[in-house]
Amino acid sequence: MDQPTAPVPPPGCPAHHSGARVPLHGPEFAADPQAYYTYLRHFGPTAPVELAPGVEATLVTDYATALQLLQDSGSFRKDARRWRDLAEGRIPPDSPIAPVLAYRPNAMFTDGAEHLRLRQAITDSMAQVDPRRLSQSTEHVSNFLISQFGSRGSADLLADYAKQLPLFVFNELFGVPADIGDRVVFGITGMFDGINAEKAMGVLFGAIAELVALKRTRPGDDVTSWLMQHQAKLTDEEMVHQLALLMVAGNEPLRNLIGNTLHRLLTHDAYAHQGGLIDEALDDTLWENPPMQNLAAHYPAADMEFAGQKLQAGDLVLVSFAAANTGPALTAARQAGSNRAHLSWSAGPHACPSKDPGRQITVTAIENLLNKLPDVELAVPSESLMWRPGPFNRGLVALPAKFTPAQPARRPAPQAPAADTATQQDRTARGARNERGGVWSQFLNWLTR
């Protein structure tokens with residue numbers, strides 16, 4: 001049989017039927033997204049895709065084109081109320097895409113002066129985080145989580161570790177007391193697991209509103225209080241939405257980054273023979289398997305031509321960080337030694353404001369795990385691991401591991417945790433009740449025993 005001369009869609013892809021958009025959902029895409037990105041490149045710098053049944057978008061797969069889009073806040077806007085298909089009722093009300101892309105009054109969905117005001121408040125507040133304190137908080141959380149499974153000799157390093165660690169560290173940094181923190185953990189976990197996501201979101205926003213009310217009367221040495229004291233003078237509603245953005249948008253990518261980097265370390269023997277193995281594996285993961293593979297939703301402000309394609313005002317345009325990072329142009333830049341030129345933290349005015357803390361949390365979490373469990377290895381064949389479906393995230397369903405059971409370590413007398421002194425008093429006063437509370441309460445009790 002003659003070899004086909006035109007690019008062929010990956011197996012199972014409905015684009016085999018002429019004219020169909022390429023789906024970025026379903027098990028086939030999750031199993032091998034790079035095959036899809038290779039096919040999408042034949043359309044040029046942008047390609048027609050389907051994010052979920054009935055949800056159409058244009059995906060930017062070329063690095064230079066993606067950078068142009070991310071930096072052009074004049075031609076492209078972030079306010080999701082401009083999304084024409086949603087505004088005109090073409091997006092099904094139960095679409096899994098809507099909660100991710102729907103407008104909220106936070107820095108991610110604003111433009112111009114309002115974006116600058118909210119963004120500055122966030123970046124200035126995050127800049128006050130002491131790296132030593134961040135490492136200490138991450139290590140405390142890591143030690144607690146390892147203490148929960150270390151003596152078993154086996155664990156799911158996603159459910160037992162990577163999934164929980166960012167939530168706990170963020171609760172610590174934001175000065176979240178026990179009862180509120182339990183609901184934050186419940187809310188964010190429910191949102192991403194898709195189990196009664198609407199209820200989970202209500203619980204999360206209710207908990208954050210309580211946190212804001214608490215910090216208005218009892219500020220502490222934490223990100224919530226710094227954000228509240230910023231010269232931008234955020235209202236309570238603005239506070240709730242910026243905190244939810246930081247907690248939610250910070251948690252999911254970090255969970256995937258820790259998981260994907262651990263996956264890389266456990267499936268590639270080469271890192272065992274390198275000095276800076278964790279930094280090296282982290283950079284390679286950001287290049288080749290970034291935690292958010294397609295996102296950065298933008299909407300043309302007017303009808304326009306972009307990268308050879310006609311776009312209408314309000315069309316949904318996304319950036320494929322994963323495709324841009326692995327395209328021919330970036331492969332050459334990487335080989336030339338530019339190891340951090342990837343787009344995994346995005347770029348332009350909406351680039352990730354927590355890149356450095358995110359990197360530090362990931363390295364500390366993995367370093368501590370490998371120090372405590374030095375012979376950790378995969379408990380199943382690597383080819384049996386499954387990836388979560390969906391167009392945005394890139395994360396494993398589970399990462400089963402085995403290791404020599406660790407003896408429970410005697411811990412030194414704890415120092416005062418990073419949250420405020422009022423929270424410390426809450427912990428003491430409510431210790432007995434929290435003993436049977438949620439996972440955040442259990443961590444706080446473990447920390448202060």
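Start with the open sheet of six strands, ordered β1-β2-β3-β9-β6-β4 with mixed pairing. Strands pair here if DSSP finds at least two bridges between them; strands (E, at least two residues) and helices (H or I, at least four) are DSSP runs, numbered from the N terminus. This is a predicted model, in which local features need pLDDT of at least 70 and side-chain atom pairs count only at pLDDT 80 or more, while totals for chains, interfaces and linings use all residues. Residues are numbered from 1 along each chain as its sequence is written, and side-chain values use heavy atoms, with hydrogens and water left out.

Next select 294–300 and 317–320, which are β6 and β9; the two run antiparallel and are joined by three bridges. Within this pair, Asn294 stands opposite Ser320 in β9.

Axes are lines fitted to C-alpha atoms, for helices over the stretch in contact, and angles run from 0 to 180 degrees between N-to-C directions.

**Helices α7 and α9**

Select 131–149 for α7 and 165–173 for α9; their axes come within 9 Å and cross at roughly 135 degrees. The two helices are therefore oblique to each other (under 35 degrees counts as roughly parallel, over 145 as roughly antiparallel, 65 to 115 as roughly perpendicular and the rest as oblique). Their crossing is right-handed, a term used when the near helix is turned clockwise from the far one by less than a right angle, with anticlockwise being left-handed.

To see the contact (heavy atoms within 4.5 Å), show side chains on α7 including Arg133, Leu134, Val141 and Phe144, and on α9 including Leu165, Phe168 and Glu172. The residues of this contact divide into eight nonpolar, three polar and two charged. Ala, Val, Leu, Ile, Met, Phe, Trp, Tyr, Cys and Pro count as nonpolar, Asp, Glu, Lys and Arg as charged, and the others, Gly among them, as polar.

**Helix α13 and its partners**

Select 112–127, helix α6, together with 236–267, helix α13: the axes come within 12 Å and cross at roughly 60 degrees. That angle makes α6 oblique to α13, and the crossing is right-handed. Glu114, Arg117, Leu118, Ile122 and Met126 of α6 meet Glu238, Gln242, Leu245 and Leu246 of α13. By class, this contact has five nonpolar residues, one polar and three charged.

On α13 the contact uses Leu257, Asn260, Thr261, Arg264 and Leu265, while the α14 residues include Leu277, Ile278, Ala281 and Glu288. Seven nonpolar, three polar and three charged residues make up the contact.

**The three-stranded sheet**

Move to the open sheet of three strands, β5-β11-β10, with antiparallel pairing. At its edges are β5 (154–156) and β10 (377–378), each with a single partner strand, so one side of each is left without a neighbour in the sheet. Select 400–402 for β11, which pairs with β5 in the antiparallel sense over three bridges. Ser154 stands opposite Lys402 in β11.

**Confidence**

Finally, colour by pLDDT, the predictor's confidence in each residue, from 0 to 100. The chain mean is 86, and 85% of the residues reach 70 or more. Select 1–6, where pLDDT stays under 50 and the model has zero contacts beyond four places in sequence. Residues 412–436 also stay under 50, with 43 contacts beyond four places in sequence. Where pLDDT is low, the predicted coordinates should not be read in detail.
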